[in-house]
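Subject: Structure for you, with notes

Hi,

Here is the structure you are getting from me. Please open it next to the notes below.

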Amino acid sequence: MAISEAEVKKVARLARLAVPDERLAAYTQNLCNILDLVDQLSAVDTTGVEPMAHPLEMMQRLREDVVTETDHREKYQAVAPEVEDGLYLVPKVIE
Amino acid sequence: MEWETVIGLEIHAQLATNSKIFSGSSTAYGAEPNTQANLVDLGMPGVLPVLNKKAVELAIRLGLAIDADIAPRSIFARKNYFYPDSPKGYQISQYELPIVANGHMDIQLENGDTKRIGITRAHLEEDAGKSLHEDFQGQTGIDLNRAGTPLLEIVSEPDMRNAKEAVAYMKKLHALVRYLGVGDGNMQEGSFRCDANVSVRRPGAEFGTRAEIKNLNSFKFIERAINHEVERQIDIIESGGKVVQETRLYDPDKDETRSMRSKEDANDYRYFPDPDLLPVEITPADIEAVRATLPELPDAKKQRFMVEYALSAYDASLLTLSREVADYFEAVAQGCGDAKLAANWVNGEVSKTLADNEMEIAAIPVSSAALVELLKRIQDNTVSNKIARDVFAAMWNGEGSADAIIDKKGLKQITDTSAIEAVIDEIIAKNPGQVAEYRSGKDKLFGFFVGQAMKASKGKANPNTLNDILKQKLEG
């Protein structure tokens, strides 16, 4: 299965990854190779096989609904780049 | 030319848990910023989510109430997008195999007809934090207390055909969520939020291109925003343009929707199963355990009220809008033994006074037992219905019990025939002209005499006795 350079650029943008123009061709080729491998898997007849959501043959364990955490804001904010009034500050994002 | 509106709603209901969906942090509203955000909520490397059992139970609870299928095996997926109030870079949600699917709810239309609205699915997911854009000199402040709060996203079929139906559906679902105790439904605090998918088409044609309107946090806004969006789309099409599929934000101040350009890539969420969470298994025994704790649902309660208490559909539906009102009514009806009288009072004076005071029934100062005492005084003719309303107002103001107020204010009805006769004799003597007119066939004047007599007795004359005596005397 082929993937175009435009698609690679789009996926990179969605994942916030910088792909320099001179590497774009190489990335595209590598991703095509991986997708070719997946295509080979697709050739296997999986009729009647339930799609696997997780490799472990186990079911999720559930937690009782109890508050177990206490406030450690000061500790967490000590490693944040910038805080004010208890808020984490980030570059402005607004609609 | 005619247009048909097509609406589907996505409603996010916060679930009434003490702790978050994947961590042991508190979900209490209104705490100091970031004091309820632990390492899992902050999306620190190496942490693992552990699913809250109560969130699963509440999802099943709603699923059963809308007659839906509960998935025996359900999986969580990552919905990938970048926004600072979602620190992991993805939201844990459900994509394939949601916990609830194929439900429905019947809504009442304005003309009294019932319409069934399909509910495609309801899935569990985590809420994001909050971004605060003001006061930080070109920066955005992030509060992650809400991050990880459990949500149930309830997705309807595109079955609604106008804004009023959308509001009716939203109100009914809101009432149901509260009935079941699935969530508190507090819209001011954002515990119950709605996005609307809106499109227009020629009747019978294929669905048109839809726009998604976000930020609809009141019943009033949703109706206005949908109507506005419908007009916008019709204008575009009729002037030769094309509706673009996009996300629009409703601005209640300007009463308009505007495009959210930043969401252009938003539909490319690249969902995949979350490797941090195993599939969730729900056994028939789990489902039956939840079913056993379900309260009587609003529709069933309404039917029962109509049969058991012989109430009209209208009275019964008003009384079953909330569980608290229904419980209050039942206590009063059983206490006084007259369901119709109880219904008239709860839907009348009680609900009116609550509305005037912008109060919920949970905070009502007149208990059901206190109201029963008052209604008994109507039943035994101690006071008329009219005087009882004054007594009720006094009870509301904390002036004491019904009997104490009737006694203190001397409101006891006059049933003594001779006292009433005296009053009537005086009025007849004072108004010879009207008496003559009445006797010559002007029946309508009867009301005049009743009014005069009531006034003279300060409203305390028993209306039936008064009418009887008055009639006798006038016929003379």
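This is a predicted model: local features need pLDDT of at least 70, side-chain atom pairs count only at pLDDT 80 or more; totals for chains, interfaces and linings use all residues.

Residues are numbered from 1 along each chain as its sequence is written, chains are lettered from A and ligands numbered from 1 in the order in which they are written, and side-chain values use heavy atoms, with hydrogens and water left out.

Interface

Chain B and chain A bury about 4300 Å² between them, 57% of it on carbon and sulfur atoms. Buried area is the accessible area (1.4 Å probe) that two parts lose on being put together, summed over both. Chain B puts 53 residues into the contact and chain A puts in 39; contact means heavy atoms within 4.5 Å. The rule finds three salt bridges across this interface (a side-chain nitrogen of Lys or Arg within 4 Å of a carboxyl oxygen of Asp or Glu). A:Glu64 and B:Lys53 meet in a salt bridge through their side chains, at 3.3 Å, N to O. On chain B, the elements giving two or more residues to the side that touches chain A are helix H1 (53-65), strand S9 (139-143) and strand S16 (280-281). S9(B) gives the most, with five residues. Helices (H or I, at least four residues) and strands (E, at least two) are DSSP runs, numbered from the N terminus.

Cores

A nonpolar core is a set of buried Ala, Val, Leu, Ile, Met, Phe, Trp, Tyr and Cys residues joined through side-chain atoms within 4.5 Å. Buried means under 20% relative accessible area (1.4 Å probe, protein chains only). The largest core has 63 residues, and B:Leu9, B:Leu62, B:Leu124 and B:Tyr169 have the most contacts inside it. Its largest share, nine residues, comes from helix H2 (residues 163-180) of chain B. Another core, of 40 residues, lies apart from it and includes B:Trp345 and B:Ile361.

Helix H14 of chain B

The buried residues of H14 (446-456) are B:Phe446, B:Phe449, B:Val450, B:Ala453 and B:Met454. Seen down the axis of H14(B), they fall within an arc of 130°, so they line one face of the helix. (The arc is that of the directions from the helix axis to the C-beta atoms.) They pack against helices H12 (417-430), H13 (432-439) and H15 (463-475) of chain B.

B:Ser457 sits in the loop between H14 and H15 of chain B. B:Ser457 is buried, at 6% relative accessible area. Just after H14(B), B:Lys458 takes a positive phi of about 55°.

Best wishes

Key: Buried means under 20% relative accessible area, exposed over 50%, partly exposed in between (1.4 Å probe, protein chains only).
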